[in-house]
Amino acid sequence: MNHSKRHSDILRLLQQDGTVSIADLARELDVSLETVRRDIKPLTTSGAVVKMHGAVALASSVGEAPFEKRMRENSEAKKAIAMAVAATIRDGDSIMLDTGTTTSYLARELLGHRQLTVVTNSSDIARTLSTVNGNRVYMAGGELRSDNGAAFGVSAIEFISHFTVGHAVITTGAIDAGIGIMDYDLEEAEFARAVVSRGRRAIVVTDHSKFGRQGLVRVCAFDALTDLFTEKAPPRDISTALKAAGVTITLAG
């Protein structure tokens, strides 16, 4: 691959995924870390790309709000996952959603459904699905975070404890074969754990980038779930552990 072609491919990957680590770029382009660092130097000099903590991002995306930036990352995979989950939900069903970019994409895929009962702590999801198609939307209360417009804490968990729904859907920050579903934020993990306990189906939605990671806080073991939706097959150890726990793995797309 020649120098200019790699420049184009680096920009394409950044437009698709947002912020990308140097290591991931090297793997995607099948070149060394040093080659990637050399290739991004003129892009940073020109101002097209911004370098940060072992990763790079498009300069145009750096000023975006954190949630908006995360919506751009692996967006095609998240849309495919959202479509696959939406296909299993029927008009009139009840669904509980935690805050996350993939659940926000799911909310958009559910705009074609009618008479849904939706429980969420996400202001984005609540705005998307309220006042349309006869839906009823219940939003957990509490202080809204500035980065994602979601409510967390004791009051939010107490609120959702009043509901039992057909489909409880959570996102995740990390999935480890031995530990299970994990996250990096204590309040988000506690809320997700509560969501899982309120559904007849307990679904985790995640793109493949979360496989093999370890977060700071355990959300739940695999046996607390009924389904996992993703766009690429999990590594063998995670797939084996999920199947042993009785979790149905659905590959989107």
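Two strands are paired if DSSP finds at least two bridges between them. Strands (E, at least two residues) and helices (H or I, at least four residues) are DSSP runs, numbered from the N terminus. The model is a predicted one: local features need pLDDT of at least 70, side-chain atom pairs count only at pLDDT 80 or more, and totals for chains, interfaces and linings use all residues. Residue numbers start from 1 along each chain as its sequence is written, and side-chain values use heavy atoms, with hydrogens and water left out.

**Parallel sheet**

An open sheet of 7 strands runs in the order E6-E5-E4-E7-E10-E12-E13, with parallel pairing. Strands E6 and E13 (248-251) are at the edges with a single partner strand each, so one side of each has no neighbour in the sheet. From one strand to the next, the twist averages 20°; axes are lines fitted to C-alpha atoms, for helices over the stretch in contact, and angles run from 0 to 180 degrees between N-to-C directions.

Strand E7 (residues 165-170) pairs in the parallel sense with strand E10 (residues 199-205) over 5 bridges. Here Ala202 in E10 is the bridge partner of Ala168. Helix H5 packs on this sheet and touches E10 and strand E12 (227-230), its direction making about 140° with that of E12; contact means heavy atoms within 4.5 Å.

E7 also pairs in the parallel sense with strand E4 (residues 94-97), over 3 bridges. Ala168 in E7 stands opposite Met96. How many residues of E7 are buried? The count is 6 of its 6 residues, and E7 is mostly covered. Buried means under 20% relative accessible area, exposed over 50%, and partly exposed in between (1.4 Å probe, protein chains only).

**Helix H5**

H5 (residues 75-86) has 12 residues and spans 16 Å from its first C-alpha to its last, close to the expected 16 Å at 1.5 Å a residue. The expected span is 1.5 Å times one less than the number of residues. Buried residues of H5 include Ser75, Ala77, Lys78, Ile81 and Ala82, and Ala84, Val85 and Ala86 are buried as well.

**Antiparallel sheet**

E2 and strand E3 (residues 55-58) are joined by 4 bridges in the antiparallel sense, and Lys51 stands opposite Val56 in E3.

**Aromatic pairs**

The whole structure contains 3 aromatic pairs. Rings of Phe, Tyr and Trp (its six-membered ring) pair if their centres lie within 6.5 Å; planes under 30 degrees apart count as stacked, over 60 as edge-to-face and the rest as tilted.

Phe152 is in the loop between strand E6 (136-139) and helix H8 (154-160), and Phe191 is in helix H9 (residues 186-196), so their pair ties together parts 39 residues apart in sequence. Both Phe152 and Phe191 are buried. Phe159 counts as partly exposed because its relative accessibility is 25%, whereas Phe163, at 18%, counts as buried. Tyr138, Phe159 and Phe163 make up one aromatic cluster.
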